[in-house]
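Subject: Structure handover, side-chain contacts

Hello,

Here is the structure for your files.

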Amino acid sequence: MITRALVLAAGKSTRISSISNGLPKPLLPVGGRSIVARSMDWLAESGVSDVWVNLHYRPDDIRDALGDGSQFGLKISYVVEPQILGTAGAFKNLESRWTDTTLVVYGDNLMRFDLAAFETNHRASKAAATVALFDPSAHANTKIAGGLVALDDRGWVRSWAEGKASPGARYVNAGAYLLEPSVSQSIGSGYRDFGAEVLPAQTARGTLRGHVLEPSGYCLGLDTPESYHIAEELISRGQVVLQ
């Protein structure tokens, strides 16, 4: 059972600032509850007990909202980054904490899927890293595409394209990873990004596994006003059911 997670919550709200009123993206409300609070509920229900949250932009807002984690049945610890370290840099910064498999979740994505199935896939494959993926033709989504991924017939990632078209890449990075300590050891110091650097390198090594969400799973990227409004429409139409 995965018991520890890193929730990435340091980013600024630049692209969604016209509707965020200055709030950090993880605190944007969806269905009357913030994105990050919904993520904490999901993690606790899935057996996670210890969560680290990295902070940079308006850190006190997030700390005040989440507290010590007891309202979710979690223990939450925080680390403030004076300068943003990037998604992978934040993981590297806490390297001493990752003595076993660790879940990393993007704090500004609204997602929910079967973490037990995710873990089973990861452990059975003995991969260094496993990335959760959604199929934009089959899963509700907000038209935000991060890493575009193609899998081989055994479920290993055979290509990773970040920020560009990739023929044959059927899947999209959902912003959740299961990582072994060896991944942290391979990350350099300073600003580092999973999608641009670390996961493409794992792909080249043949050590990155893909896990496609079950049909009822979802991941809604909420980076722009347009994507936020699409998410609201999906929820209002019942295509995404919040829990």
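The notes below cover charged pairs first, then aromatic rings.

This is a predicted model, in which local features need pLDDT of at least 70 and side-chain atom pairs count only at pLDDT 80 or more, while totals for chains, interfaces and linings use all residues. Residues are numbered from 1 along each chain as its sequence is written, and side-chain values use heavy atoms, with hydrogens and water left out.

Charged pairs

Twelve salt bridges are present in the structure (a side-chain nitrogen of Lys or Arg within 4 Å of a carboxyl oxygen of Asp or Glu). One of them joins the side chains of R112 and E45, at 2.8 Å from N to O. This pair connects distant parts of the chain, 67 residues apart: R112 belongs to strand β7 (residues 109-112) and E45 to helix α2 (residues 35-45). Helices (H or I, at least four residues) and strands (E, at least two) are DSSP runs, numbered from the N terminus. R112 is buried, with a relative accessible area of 10%, whereas E45 is exposed at 56%. Buried here means under 20% relative accessible area, exposed over 50%, and partly exposed in between (1.4 Å probe, protein chains only).

R123 is partly exposed, with a relative accessible area of 37%; E119 is buried, at 10%.

D61 and R58 also form a salt bridge, with 2.5 Å between the closest N and O atoms. D61 is partly exposed at 23% relative accessible area, and R58 is partly exposed at 36%. Salt bridges also link R15, K25, D108 and D223 in a network.

Aromatic rings

There are seven aromatic pairs (rings of Phe, Tyr and Trp, the last by its six-membered ring, with centres within 6.5 Å; planes under 30 degrees apart count as stacked, over 60 as edge-to-face and the rest as tilted). The W52 and W98 rings have centres 5.3 Å apart and planes at 85 degrees, so they pair edge-to-face. W52 is in strand β4 (residues 50-55) and W98 in the loop between α4 (86-93) and β6 (102-106), 46 residues apart. Both W52 and W98 are buried. F91 and W98 are stacked, because their planes are at 10 degrees, with centres 5.4 Å apart. F91 is buried too. Ring pairs join W52, F91, W98, Y106, Y177 and F194 into a cluster.

Regards
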